[in-house]
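Please keep the sequence and the model in view while reading.

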Amino acid sequence: MNFRQYAGIEFESAARMRAVQDELLRRHVVYAARRSPYYRAWFANSGLRPEQVGLDDLSALPLTGKAELAEHNRDLQAVPERKVVDVVFSSGTSGVPTRVVYSERDLRRLAYNEHQSFAAAGVGADDQVLLTCTMDRCFVAGLAYFLGIRSLGAAAIRNGHGTLAGHGEIVGRLAPEVVVGVPSFLVKLGLYLRAQAKGRGGRLARALICIGEPVRDRRLQALPVAERLVELWGAAIHSTYASTEIVTTFCECTQGCGGHLHPELAVVEVVDRAGRPLAAGEVGEVVVTPLGVEAMPLLRFRTGDLSFLIDEPCGCGRNSVRLGPILGRCNQMLKINGTTLYPQAIARALDAVPGVVDHYIVVRSREALSDRATVHVAVEDAACDAAMIEEQLQARLRVKPDVVLETPEEVRERVFCREYRKPMRFFDLREKS
Ligand SMILES: [Zn+2]
């Protein structure tokens with residue numbers, strides 16, 4: 001399928017987008033039911049005919065999660081091995097990475113998707129884009145950005161997981177207009193660049209594409225990390241969301257108010273715990289049916305991420321629904337003395353405490369259905385003690401996790417433990433029942 005024929009559909013009416021999406025969903029469901037042994041078996045057992053499933057019937061289909069992807073990995077593959085051109089791994093539920101495969105057409109689809117995303121964020125053919133995320137180690141994100149930048153005709157600077165000095169030299173020499181990276185890392189890089197420039201002001205880049213961590217809250221207001229980025233870089237901030245399994249990304253446009261969905265590339269639902277779709281504005285799990293995927297087509301994939309949909313007009317002129325910031329992970333919900341919260345909320349509250357430089361959270365089970373969270377914090381300011389941080393957390397979160405001070409080295413050692421593929425700031429030691 002040539003996706004480029006749908007370029008610009010987000011500017012058309014809701015009715016037109018829905019008609020196109022319904023048609024593409026029907027094709028996708030029929031393809032999955034025919035080519036994927038896993039879905040073929042499901043349809044055979046259900047008695048439902050794949051040709052009958054359109055947008056209105058989506059909730060009749062089963063949810064597919066990371067557990068099914070790990071357990072039925074080969075049965076979810078819809079193409080012979082010779083059509084596979086890229087193999088990646090996504091983090092699995094048991095800690096063992098799960099294999100995900102892409103065909104040539106899937107990579108072209110991804111290139112189109114990232115092209116649309118970058119273009120909406122104002123990136124053009126004249127721009128140089130610095131990638132501070134890895135292109136290798138079986139991750140797809142860096143490759144996806146590269147494909148999108150190439151499709152757009154912009155120039156990619158693939159500096160990967162470099163040091164601050166390495167990235168600093170590149171920014172100094174090449175002055176890229178756009179930088180892609182994890183917000184907390186971009187804060188460190190911004191501080192480094194400001195220190196190097198010895199107080200000279202000016203804009204360090206025009207736009208930052210933020211990956212992996214949220215930059216806005218439930219009301220789409222900038223989080224402290226985003227305010228810091230604007231102050232350090234003088235750049236516009238765009239958040240982008242994706243996951244390896246859904247092979248689809250949603251990026252904020254120049255208005256910066258949630259990532260635009262692409263009706264021709266995915267059907268996105270937000271569902272409650274029972275898997276029932278929720279109305280726009282209600283918070284639940286993000287479930288994605290990526291359309292037109294060839295190698296591993298999925299139906300209603302549970303991302304495990306919590307967010308909400310925004311169905312309001314956008315200042316950029318696109319009429320597509322938007323996805324709000326990721327508010328947490330479904331399985332990371334904490335219950336402390338009757339109050340429900342997510343580790344991300346603790347992280348955001350810590351971001352607002354001056355002097356705190358890094359942290360990780362450990363949660364254990366406690367009696368009376370309560371969890372016990374301990375926040376291990378590194379500070380750069382001696383005036384910043386555990387009692388003061390506990391009070392600040394209580395004021396913002398209405399619960400009081402235990403705070404333990406550690407040196408920045410101790411925190412870094414735990415966060416960047418080699419056992420994990422990504423930095424880990426949340427350790428769940430609760431007994432699984
Ligand atoms: Zn917009």
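How far apart do the C-alpha centres of domain 1 and domain 2 lie? They lie 28 Å apart. Domain 1 covers residues 1-328 and domain 2 covers residues 333-428, with bounds that come from an automatic or database domain assignment. Six residues from domain 1 and six residues from domain 2 take part in the contact, two residues being in contact if their C-beta atoms, placed from the backbone, lie within 7 Å. On the side of domain 1 that touches domain 2, four residues are nonpolar, two are polar and none is charged. Here Ala, Val, Leu, Ile, Met, Phe, Trp, Tyr, Cys and Pro count as nonpolar, Asp, Glu, Lys and Arg as charged, and the others, Gly among them, as polar.

The model is predicted: local features need pLDDT of at least 70, side-chain atom pairs count only at pLDDT 80 or more, and totals for chains, interfaces and linings use all residues. Residues are numbered from 1 along each chain as its sequence is written.

Helices (H or I, at least four residues) and strands (E, at least two) are DSSP runs, numbered from the N terminus. The 17 residues of helix 4 should span 24 Å at 1.5 Å a residue, and its end C-alpha atoms are 25 Å apart, which agrees; the expected span is 1.5 Å times one less than the number of residues. Because 12 of its 17 residues are buried, helix 4 is largely enclosed by the rest of the structure. A residue is buried if 20 or more other C-beta atoms, placed from the backbone, lie within 10 Å of its own. Among the buried residues of helix 4 are D106, R109, E114 and F118. Its buried residues pack against strand 2 (98-103), helix 5, strand 7, strand 8 and strand 9 (259-260). Just after helix 4, G122 has a positive phi of about 90°.

Helix 5 (residues 141-152) reaches 17 Å from its first C-alpha to its last, close to the 16 Å expected. Nine of its 12 residues are buried, including Y145, L147 and I149. The elements that cover these buried residues include helix 4 (104-120), strand 3 (128-131) and strand 4 (155-158). G153 follows helix 5 and has a positive phi, near 85°.

Two packed helices are described by the angle between their axes and the distance between the axes. For helix 6 (residues 164-174) and helix 7 (residues 183-196), the axes come within 10 Å and cross at roughly 65°; axes are lines fitted to C-alpha atoms, for helices over the stretch in contact, and angles run from 0 to 180 degrees between N-to-C directions. The contact is made by L164, H167, G168 and V171 of helix 6 and K188, L189, Y192, L193 and Q196 of helix 7.
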